[in-house]
Structure formats: C-alpha cells, structure tokens
Amino acid sequence: MRHAKSSWADGSLADFDRPLNERGLKAAPLVGRFMRRRRLRPDLILCSPAERARQTAALVARAAGLSAPLRYDERIYEATPERLAEVVSQVEEGADELLLVGHNPGLEGLLELLTGESQHMPTAALARLLLDVEKWGKLGEGAGRVELFVRPKELA
C-alpha cells in the first residue's frame with residue numbers, strides 16, 4: 001500500500017516529517033474499511049517510519065480491525081524496488097500475509113518487479129499480490145501476480 005495523501009502546507013518540515021492532509025486522513029480509513037469487508041487480514045504490517053506512512057498504517061489498521069504487529073523499517077523510506085524486495089524477503093516465516101506501507105516510485109517498481117505489470121499507484125492505493133513462493137526468502141522477479149488493485153476514489 002502506498003501512504004495516503006500528505007500535506008505540503010508546512011514548508012519548514014522535512015519530507016520525512018510531512019503528515020497526512022485532510023484527503024489522506026479520509027482515504028486511509030476508507031481503504032481500511034475495504035480491507036475489513038474483503039477480510040484482508042495481514043499477519044504483519046511493515047511500514048516506512050516517515051510520518052505520512054505511520055499515520056496511514058495506523059488509520060488503516062484501526063479501520064480494518066487489524067491486530068497484526070506493526071513494525072517500522074527505515075529501509076522502506078526512499079527504497080528502490082530491489083531494496084523493498086530484500087526487505088520483504090527477510091520477513092519471518094510465521095507471517096503468511098504482509099501489508100507493506102511505503103512510497104513511490106519504489107512500490108510501483110516492486111509491483112512491476114514481482115508481477116511484470118506496470119501499474120500507477122496513487123496515494124492510498126492498495127495492491128494485493130499472490131506470490132508463488134513457499135518462503136519469503138525465495139521471493140524474486142516475476143514471483144507473483146496482482147489479485148486485487150484498488151484506489152481510494154473507487155471506494156468513495
């Protein structure tokens with residue numbers, strides 16, 4: 001999932017510290033409620049530590065009723081698709097489903113790396129990939145397919 005829409009209102013904030021704007025504060029719970037309806041229940045949430053991603057993950061988890069552990073990983077912020085694939089490949093084997101909350105262009109690139117599909121991910125977009133691997137450590141290029149792709153404007 002890409003973080004929800006962030007605010008540029010305070011020019012003194014570093015990119016890392018930008019919070020969600022009003023649109024983002026509405027979109028994240030909307031996606032969370034969609035996840036609840038679709039019974040999407042990740043075992044682990046891995047999130048960029050950037051403020052907008054942290055807020056997105058918290059709002060989605062609350063609206064979806066998730067009890068999965070939420071972990072922040074600084075490698076997700078400004079990550080390349082290859083770096084994101086490395087982060088995912090190191091997820092512990094007890095977690096069968098993962099929610100990764102991060103940023104573009106890395107997430108779009110990861111989706112393309114893993115599925116061969118090029119897809120624009122606007123803010124708060126959610127893609128569910130089915131991976132043809134038995135263990136996270138076996139993750140590689142072309143290892144999956146897109147099962148579901150949703151944008152918040154489709155849910156409003």
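1. Helices (H or I, at least four residues) and strands (E, at least two) are DSSP runs, numbered from the N terminus. The model is predicted, so local features need pLDDT of at least 70 and side-chain atom pairs count only at pLDDT 80 or more, while totals for chains, interfaces and linings use all residues. Residues are numbered from 1 along each chain as its sequence is written, and side-chain values use heavy atoms, with hydrogens and water left out.

2. Largest pocket. A pocket is an open set of points on a 1 Å grid over the protein atoms alone, where a 1.4 Å probe fits, with protein on both sides within 12 Å along at least five of seven lines; lining residues have an atom within 4 Å of a point. The largest pocket holds about 670 Å³ of space, the volume being the space filled by probe spheres set on the points, which are joined across faces, edges and corners. Its lining has 28 residues, and E97, L98, L129, L131 and W136 are the closest to its centre.

3. Make-up of the lining. β3 (98–101), α4 (106–115) and β4 (126–131) each supply at least two lining residues. β4 gives the largest share, six residues. By class, 21 lining residues are nonpolar, seven are charged and none is polar. Here Ala, Val, Leu, Ile, Met, Phe, Trp, Tyr, Cys and Pro count as nonpolar, Asp, Glu, Lys and Arg as charged, and the others, Gly among them, as polar.

4. Nonpolar cores. A core is a set of buried Ala, Val, Leu, Ile, Met, Phe, Trp, Tyr and Cys residues joined through side-chain atoms within 4.5 Å. Buried means under 20% relative accessible area, exposed over 50%, and partly exposed in between (1.4 Å probe, protein chains only). The largest core has 27 residues, and M1, F34, M35, I45, L99, V101 and L126 have the most contacts inside it. α1 (22–37), β1 (44–47), α2, β3 and β5 (144–150) each supply at least two residues of this core. A second, separate core of 22 residues includes I76, V88, L110 and L139.

5. Contact means heavy atoms within 4.5 Å. Beyond four places in sequence, the contacts of M1 include V31, T56, V60, L99 and L126. R2, in the segment before α1, is buried at a relative accessible area of 17%. With the same exclusion of residues up to four places away, R2 touches T56, G102, N104, L107, M121, P122, T123, A124 and A125.

6. T56. This residue lies in helix α2 (residues 51–64) and counts as buried because its relative accessibility is 0%. Its contacts, leaving aside neighbours within four places in sequence, are M1, R2, H3, A4, L20, A28 and V101.

7. Helix α3 (residues 81–89). P81, L84, A85, V87 and V88 are buried. The buried residues of α3 pack against β1, β3 and α4.

8. Backbone points to check. Most residues other than glycine have a negative phi, and most peptide bonds are trans. The bond from N104 to P105 is cis, with omega near 5°, and P105 is in the loop between β3 and α4. E78 has a positive phi of about 60°; this residue is in the loop between β2 (70–72) and α3 and is exposed, at 64% relative accessibility. A124 also has a positive phi, about 65°; A124 is in the loop between α4 and β4 and is buried, at 0% relative accessibility.
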